Amino acid sequence: MKHGLPIARPGQVIGLLGGSFDPAHAGHVHITREALKRLGLDRVWWLVSPGNPLKARGPAPLSQRMAQAQGVMNHPRVDVTDIEARLGTRYTSRTIAALRKRYPRVHFVWLMGADNLAQFHRWQDWRGIMTSVPIAVLARPGDRIAARTSVAATVFRTARVSVADARGLGLRKAPAWTFLNVPMHAASSTAIRQNGDWGASAERRSWRDLH
Ligand SMILES: Nc1ncnc2c1ncn2[C@@H]1O[C@H](COP(=O)(O)OP(=O)(O)OP(=O)(O)O)[C@@H](O)[C@H]1O
Ligand SMILES: O=C(O)c1ccc[n+]([C@@H]2O[C@H](COP(=O)([O-])O)[C@@H](O)[C@H]2O)c1
């Protein structure tokens, strides 16, 4: 880590998995391993978000989510980071712009579950994200059809890369995205929270309180 940011070598292909991780679970681990394998990534960085701009409910404190995520994700090529808090960014478009500026010779790939592609067109400057980094979408139970018929998938249909070519996704010029129809994992943070296994005593703050 340099200035609290991970070190990356020029030419490396790094997957970015942004999330609330409130809490991190086996589904996150599963898609991370699948992305490493199927996209030929050198590393994956988990970006534990200070707070999802679209979620009204505030997450558990960042330090608590970071510690829990570090306990769940144990892989030599994965870094669990609080990059967005360090950069002072919340919106993905700004995070990606800041990372591309700091790591001009690194190839970033944005990773997300199918549920996020379905509502991707609600993200700030989502077209700008699409045209700045390649994106890999990973199957999630219940969300495959919504993702495939989403606004983003429709608008950028000609930029879709076949699974057969997914290994080279990170070196492609954006817009370029692929849908990885990986074996699905049903874990979700919502279900864990509903079971009362996480964050019952966590101090929760709304996203607005964080600003
Ligand atoms: N089981 C899963 N399969 C595929 N993708 C997943 C899975 N769980 C999470 N993801 C993806 O990981 C990223 C971070 O997810 P997040 O931290 O919001 O977890 P979550 O389980 O979706 O949380 P919540 O239930 O609170 O919305 C998102 O892109 C999400 O789509
Ligand atoms: O930039 C946006 O407008 C935006 C809107 C919603 C979600 N995101 C990002 O999407 C990632 C997944 O969020 P979440 O809460 O579903 O885990 C996380 O990195 C968020 O910061 C980003």
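H1 gives the most to the shell around ligand 1, with 3 residues. Helices (H or I, at least four residues) and strands (E, at least two) are DSSP runs, numbered from the N terminus. This is a predicted model: local features need pLDDT of at least 70, side-chain atom pairs count only at pLDDT 80 or more, and totals for chains, interfaces and linings use all residues. Residues are numbered from 1 along each chain as its sequence is written, while chains are lettered from A and ligands numbered from 1 in the order in which they are written.

**The ligands.** Ligand 1 is surrounded by 19 residues, the closest being Gly 19, Gly 27, Gly 113, Ser 189 and Thr 190. A residue counts as near a molecule or strand if its C-beta atom, placed from the backbone, lies within 6 Å of it. Two or more residues of this shell come from each of S1, helix H1 (26-39), strand S4 (107-113), helix H5 (114-118) and helix H9 (189-194).

Around ligand 2 there are 15 residues. Gly 18, Gly 19, Ser 20, Asn 52 and Trp 123 are the closest. Strand S1 (13-19) and helix H4 (92-102) each supply at least two residues here.

Ala, Val, Leu, Ile, Met, Phe, Trp, Tyr, Cys and Pro count as nonpolar, Asp, Glu, Lys and Arg as charged, and the others, Gly among them, as polar.

| Shell | Nonpolar | Polar | Charged |
|---|---|---|---|
| Ligand 2 | 5 residues | 9 residues | 1 residue |

**The sheet.** Six strands form an open sheet in the order S3-S2-S1-S4-S5-S6, with parallel pairing. Two strands pair if DSSP finds at least two bridges between them. S3 and strand S6 (177-180) are the edge strands, and each pairs on one side only. S2 and S3 pair in the parallel sense over 4 bridges. Leu 47 has Thr 81 in S3 as its bridge partner.

**Helix H2.** In helix H2 (residues 62-72), the buried residues (20 or more other C-beta atoms within 10 Å of their own, C-beta atoms being placed from the backbone) are Arg 65, Gln 68 and Ala 69. They lie on the same side of H2 because they cover an arc of only 100° around the axis, taken from the directions from the helix axis to the C-beta atoms. Strand S2 (43-48) and strand S3 (78-81) are among what covers them, by contacts (C-beta atoms, placed from the backbone, within 7 Å). The face turned away from the buried side of H2 carries Ser 63, Ala 67 and Gly 71. These are exposed (12 or fewer such C-beta atoms; partly exposed lies in between).

Notes. Contact = placed C-beta atoms within 7 Å.
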